[in-house]
Amino acid sequence: MCDHRLWQDVGPITGYPNEFADLTQSDHVESLAHNILERVTGPIIPIGFSMGAIVGLMMAKLAPERLVGMVLSSTNCTADLPERSAARLAQQAQVRDGHLLEIVRDELKPHYLSPASLGQKRAEILDLTLKMGMDLGPDVFLRQSEALRTRPALCDVIGGFKGPILILAGADDRLCPPAWHAQMAARNRHASLIQIEGAGHLVPLEQPSAFLRAISDWLTTLKTTPKQEMNA
């Protein structure tokens with residue numbers, strides 16, 4: 001439940017065309033990936049955060065020849081865990097009953113941030129996450145929740161991907177712990193893993209400079225310049 005404001009403090013990746021991907025229009029990860037591949041021409045490097053990284057993995061499954069590399073942040077390559085699937089169904093029912101505010105405020109926000117994000121910074125990030133969720137609204141919540149609940153396992157895509165992969169983990173991420181990211185990186189010898197200190201799940205908002213620096217440094221190692229980068 002994040003929009004383009006997730007990237008507001010990261011800014012554009014210099015030297016590359018940047019485009020924000022809309023992940024609000026379908027309740028299937030495969031459809032979301034198809035939509036991006038059809039809309040953007042040429043080679044792509046998906047820079048995916050959380051659900052966006054899952055969509056990036058699906059893009060790699062559907063059209064590996066289109067991806068020069070990929071960045072996966074704060075994510076999980078498995079299918080939805082049974083307990084998470086059950087929780088999503090309960091949340092969906094509550095949202096249909098008009099309780100989106102309570103779900104975003106009480107069940108999502110408390111798990112987002114690192115203990116290192118304090119004071120005004122913490123308040124501003126939490127206020128923004130609430131505003132993004134409420135601005136996107138219940139229909140988008142339901143579509144994204146269902147897309148996550150029904151997603152297939154995509155871990156094998158990492159192992160089979162021929163290009164370079166950058167995997168970014170917030171050191172204090174409770175939703176997608178660093179150990180998950182280490183397991184993903186171990187699947188591919190072309191994968192680089194960076195753990196970002198002072199960040200929980202919302203790395204682009206908590207540590208935007210470190211996030212941008214990690215991606216920019218990684219991009220300098222690529223020999224092929226893509227026509228398009230896709231933030232998701």
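# Chatting through a predicted model

Modeller: Let me start with Ile45, which is buried, at 0% relative accessibility. Bear in mind that this is a predicted model.

Biologist: Which element does Ile45 lie in?

Modeller: Ile45 lies in strand S2.

Biologist: Let's zoom out. How many helices and strands does the chain have?

Modeller: There are 9 helices and 6 strands in the chain. Along the principal axes, the C-alpha atoms fill a box of roughly 50 × 35 × 30 Å.

Biologist: And what is the radius of gyration of the chain?

Modeller: The chain has 17 Å, which agrees with the value near 17 Å for a compact globule of 232 residues.

Biologist: What share of the contacts with a separation of 6 or more comes from residues 24 or more positions apart?

Modeller: Those pairs account for 78% of such contacts in the chain.

Biologist: Okay, the inside now. Which residues have the most contacts inside the largest nonpolar core?

Modeller: That core has 41 residues, and the ones with the most contacts inside it are Phe141, Leu168, Leu202, Phe211, Ile215 and Leu219. The elements giving two or more residues to this core are strands S2 and S4 along with helices H4, H5, H8 and H9.

Biologist: Which of them gives the most?

Modeller: Helix H5 does, with 9 residues. There is also a second, separate core of 34 residues, and Ala21, Leu32, Met70 and Val157 are among its members.

Biologist: Back to Phe211. What is Phe211 in contact with, leaving aside its neighbours within four places in sequence?

Modeller: Phe211 is in contact with Trp7, Val10, Ile47, Ser73, Leu168, Ile196, Val203 and Pro204.

Biologist: You mentioned H5. How far apart are its end C-alpha atoms?

Modeller: They are only 34 Å apart, although H5 runs over residues 119–149 and has 31 residues. A straight helix would reach 45 Å at 1.5 Å a residue.

Biologist: Where does H5 bend?

Modeller: At Gly137, by about 100°. A proline, Pro138, follows within four residues.

Biologist: What about H2, how far does that helix reach?

Modeller: H2 covers residues 51–62, and its 12 residues reach 17 Å from first C-alpha to last. That is close to the 16 Å expected at 1.5 Å a residue.

Biologist: Is H2 largely enclosed or largely open?

Modeller: H2 is largely enclosed by the rest of the structure, because 10 of its 12 residues are buried. The buried residues are Met51, Gly52, Ala53, Ile54, Val55, Gly56, Leu57, Met58, Met59 and Ala60.

Biologist: What covers them?

Modeller: The cover includes helices H1, H5 and H6, together with strands S2 and S3.

Biologist: Where does Ser74 lie, and what is its phi?

Modeller: Ser74 lies in the loop between S3 and H3. Its phi is positive too, near 55°, in a residue other than glycine. Ser74 is buried, at 0% relative accessibility.

Biologist: What does Ser74 contact, leaving aside its neighbours within four places in sequence?

Modeller: Ser74 is in contact with Phe49, Ser50, Leu168, Asp173, Cys176, His181, His201 and Val203. As for Ala53, its C-alpha is 8.0 Å from that of Ser74, and the two are 21 residues apart in sequence.

Biologist: Last stop, H3. Is Gln91 buried or exposed?

Modeller: Gln91, which lies in helix H3, is buried at 5% relative accessibility. Leaving aside neighbours within four places in sequence, Gln91 is in contact with Ile103, Glu107, Leu108 and Phe141.

Biologist: And Ser85, buried or exposed?

Modeller: Ser85 is found in H3 and is buried, with a relative accessible area of 15%. With neighbours within four places set aside, Ser85 is in contact with Asp80 and Arg149.

Definitions and conventions: Residues are numbered from 1 along each chain as its sequence is written. This is a predicted model: local features need pLDDT of at least 70, side-chain atom pairs count only at pLDDT 80 or more; totals for chains, interfaces and linings use all residues. Side-chain values use heavy atoms; hydrogens and water are left out. The expected span of a helix is 1.5 Å times one less than its number of residues. The bend at a residue is the angle between axes fitted to the seven residues ending there and the seven starting there. The radius of gyration is taken over C-alpha atoms; the globule rule is 2.2 Å times the number of residues to the power 0.38. Contact means heavy atoms within 4.5 Å. A nonpolar core is a set of buried Ala, Val, Leu, Ile, Met, Phe, Trp, Tyr and Cys residues joined through side-chain atoms within 4.5 Å. Buried means under 20% relative accessible area, exposed over 50%, partly exposed in between (1.4 Å probe, protein chains only).
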